[in-house]
Structure formats: C-alpha cells, structure tokens
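Subject: Structure handover and findings

Hello,

Here is the structure you were waiting for. My notes follow below it.

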Amino acid sequence: MDAVSHVNYGLWRHPRDQTHRYNSIAYWVELAQILDRGRFDTFFLADALGLLDTYGGNADASLRTGTQSPVSDPLLLVSAMAAATTHLGFGITVSTTYEHPYLLARKFTTLDHLTEGRVAWNIVTSQLDSAARNLGLERQIPHDERYERADEFLDVVYKLWETSWEDDAVVRDRERNVYTDPAKVHRIDHKGKYFTVRDAHLSEPSPQRTPLLLQAGGSPRGQRFAAKHAEVIFVAGADAPGIRRNVESVRTLAADYGRDPESLSFISALSVVVDDTAAGARTKLADYQRYFDVEGALAHYSASTGVDFAGQDLDSVIGRHDTDSNRSLLSMFADADRRWTLREALAPSSGFGRSRTLVGTPVSVADELEQWLADTGTQGINLLHIVNPDSYRDFAELVVPELDRRGRVRPRPTTATTLRERVQGTARIRDDHAAARYRDARVSRGVNV
C-alpha cells in the first residue's frame, strides 16, 4: 500500500523497515526492481479512500500506529516503476463505488500503454464508512447493491475497452493526413440504472485492451461477482479447508456463467520468514514480533469489518455480525470449523498477523508452500511483507531459487509479454468471459453495442 503500514502493524518502527520512505519515488522503484529481478509476476497495490475510524469511534488508533494512515494514490506510482522494470506486472486497486467508468477506462488504458501490457485492476466496491461520508454519501451503499452497481460499471468499461475502437482504427497515414479512421471508432450509447455513457472511448486500444482482472469478494454476492468477472481471485479463509471451500464455490459459480472453471487462478495471502537456518528464521520472527502493534491490527480489522472491537477482550470469540463492510473477513473466522478468538486471529504466537506465516529454511518453506497450494487448491500466493523490503528480498534470494529447482516458478520471459499472457496464457480476454461478447461485436461488424 502507498502508506507507512498496511498489514505489517507496527513494523514501521523496525530499524530495517523502509516504508517511512513511501513518499519517495526512489523507494518504489527500488522495491519494484527487487521484485522484477526476483521473478515475481505482479506487484499488488492495495488502496483505501477513508481514515480507519471504526475502532473506538475515531481514527486516533490508526493515525497513532501508522496503520493505513496516511495513505496516497497507488495509480500515480506505476509509470515510474514500469519504466525501471522489464517483466513485472502491476495490480492496482480501484473502487467501482467512487470512480466513474468513463474516467477509469482511460486511466487503465493509459497505464496499459505505458507498461506495455503489464497492468491489472483489482476490482473492489469499498468497505469503509468513512469513504462514503467523504465522497458524497451519508452512509455506504448497501453491500449487495454495491456489487449490482459494479456489475454495470464492468459492462460500461468492457464496451469502452473491447468494442469502441476497432483494431485497425488507428492508421497513422501521413499521405492521406489521417491518424484515426472515424468510421472505425464507435460510441457505446450505454444507458443503465447507474451510468449513462454515450460516446466512444477517449483512448486508442492498448496491448491488453482490458487489463488483467483481479478480485477478492468472499461474501456470497462477492463470489458471484468474482465468478463472472475475475481472472485471478484472492481467496481468504481461516485455514486450508476454508480456503478450498471458497475456491470450489467460485469455480462452480464460474461454470454457471459459462466459463471454464479451470481458467480461473486463485491465490491466498501468506507471510514468509526465511533464513539459511531454522534457528535464524525463528530468531527473525521473534524480532519482528517485538514490534507488532495489536492496536493497529484491531483498528484495521474493525474498519474493514465495520465492527468496533474496542474494549473487547483479545481472548473473546469473534462472533457473527451483519455489516455493509467486508463480510468475508468476518466470515473467514466466524464460519470456520473452530471458534477463533481475536488474539488467535490477529496476533498468533506462532506467526504474524491474521494470515498464515511460514517460518524456516528455503527448503522447509518451499515444502510448506507446496503443501499449502495442494491443501487449498490455489495456484499462487499474495506474499505479505513484514519488514520492507527485506521480506521480498529474502523470498527472492532464498525461496525463489528453491522453487525454481522444483519447477514451481515460471521461466523468465525471453521477449516482452503482457501480464495476461504470462498469468492466463492468452493475450486477450478469453472467449468465455463476460467481456467477450462486446469484443465479438467489434470483430464481426464494428457495431455499437
């Protein structure tokens, strides 16, 4: 996140952590280069549009602990990082609730051009009450309605990206003094419940047209949205069986939408603490845990779930709540096979934060990682940093070579490829995707849709 701290609560105080430099472009370029050299597929950037003010009824805890506050705009980082890297993709979080599809379509097309097809969009509907209050609403749009609005938002951007400009609309004919053939640029004439967009896309087609689509909806409505639109899905769960159930649920829903269930890729969040020796890894973890800030973890969890956990005993059980915020974060513990306390979920003695933590040597971490992928039915991980950039550098220098020996890392591309080609194996959105019908209309007749 373009912030001092996101999910590594309190670690900005660690002497080796560099996230206090988050306002420096040099910091982001250095980090992107570590990931690019380390053969990471995508640099994922989260975002939020409001202060974390649920815990205790104000933002004091998040501000004091540096948890997701202050936070800056991740979109503005990508051009510089892309210019300094060769293969690394960039997954950027943008909310459909507080953007307009006509404007966002241009932003992503621009970034897709500038990155040569290395951009992805993490689609969210937002979860903070504070964002709603500061962006023109008295309260959040109800949870399921946000997804209804997002469905129409996606229809609009698909039309803009896939059907508005024909592939050969840009001719750059100096002799005829024609840059773009007007007959091959079409207005979309969209008029729906939430959006009216009459004209053509402002930008010419980019390498991917539609960016690679990421999504993390875990509620029943969120899973349906992911099954319809997402190509890569962040899936959460309190344990491996819970994650596997969510994976299988989304695959089943994808088939209902006419998609090949096996074309969807699933990843889960993990932290890794690795060292040349097991004792060294345990020492690192103990050192990191000295800086862990449970108040920051509670402030973040409260804001994300819409439940004020201030004053609640850490050893009390996380119960069921019905909110308009992130229901999947609540259900991953409340609906698990066992009863989870706040302490077990947010501050486990054997790990760091609310995601699984692998601790050990490169070989033992690779062993655990392979077992985790098998047990969860997932295809990759969202690696969470604890100390930045050490967490990423350690993984790149110690774990990636071991995974490579096992054939678990994609070969480094020898030529420039788009992010979708590397992750999904196709240059453009698949034929069974919801966006394809707009592309098919463009290919067949260039008609308005």
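Two notes on the basis. This is a predicted model, in which local features need pLDDT of at least 70, side-chain atom pairs count only at pLDDT 80 or more, and totals for chains, interfaces and linings use all residues. Residues are numbered from 1 along each chain as its sequence is written, and side-chain values use heavy atoms, with hydrogens and water left out.

Arg430 and its partner

Arg430 sits in the loop between helix 15 and helix 16. Helices (H or I, at least four residues) and strands (E, at least two) are DSSP runs, numbered from the N terminus. Arg430 forms a salt bridge with Asp260, and their closest N and O atoms are 3.9 Å apart. A salt bridge is a side-chain nitrogen of Lys or Arg within 4 Å of a carboxyl oxygen of Asp or Glu. This pair links distant parts of the chain, 170 residues apart. Asp260 is in the loop between helix 8 and strand 10 (265-274). Asp260 is partly exposed, at a relative accessible area of 33%.

Leaving aside neighbours within four places in sequence, Arg430 is in contact (heavy atoms within 4.5 Å) with Asp260, Ser263, Ala436 and Arg439.

Other salt bridges

The structure holds 33 salt bridges. Side chains of opposite charge can pair when their charged atoms come close. Three further cases:

- Arg133 and Asp53 meet through their side chains at 2.4 Å, N to O. Arg133 lies in helix 5 (residues 129-134) and Asp53 in the loop between strand 1 (42-45) and helix 2 (60-65), so the pair ties together parts that are 80 residues apart in sequence. Arg133 is partly exposed, with a relative accessible area of 43%.
- Glu248 and Arg244 form a salt bridge at 3.7 Å, N to O. They are four residues apart in helix 8, so about one helical turn separates them. Glu248 is partly exposed at 42% relative accessible area. Arg244 is partly exposed at 31%.
- Asp367, Glu370, Glu402, Arg405, Arg406 and Arg408 are linked in a network of salt bridges.

Helix 7 against helix 8

How do these two helices cross? The axes of helix 7 (residues 220-229) and helix 8 (residues 240-256) come within 8 Å and cross at roughly 55°. Axes are lines fitted to C-alpha atoms, for helices over the stretch in contact, and angles run from 0 to 180 degrees between N-to-C directions. Helix 7 and helix 8 are therefore oblique to each other. Angles under 35 degrees count as roughly parallel, over 145 as roughly antiparallel, 65 to 115 as roughly perpendicular, and the rest as oblique.

Gln223, Arg224 and Ala227 in helix 7 meet Asn246, Ser249, Val250, Leu253 and Ala254 in helix 8.

Seven of the 10 residues of helix 7 are buried, so helix 7 is largely enclosed by the rest of the structure. Among the buried ones are Arg221, Phe225 and His229. Their cover includes strand 3 (119-124), helix 6 (143-163), strand 8 (212-215), strand 9 (232-234) and helix 8.

Backbone points to check

A cis peptide bond joins Ser69 and Pro70, with omega about 0°. Ser69 is in the loop between helix 2 and helix 3 (78-83). Ser69 is buried, at a relative accessible area of 1%. Another cis peptide bond joins Asn388 and Pro389, with omega about 10°. Pro389 lies in the loop between strand 12 (380-384) and helix 14 (390-405).

Arg172 is not a glycine, yet has a positive phi of about 50°. Arg172 is in strand 4 (residues 170-173). Phi of Asp189 is also positive, near 50°. Asp189 lies in the loop between strand 5 (178-180) and strand 6 (190-191).

Best wishes

Technical notes: Buried means under 20% relative accessible area, exposed over 50%, partly exposed in between (1.4 Å probe, protein chains only).
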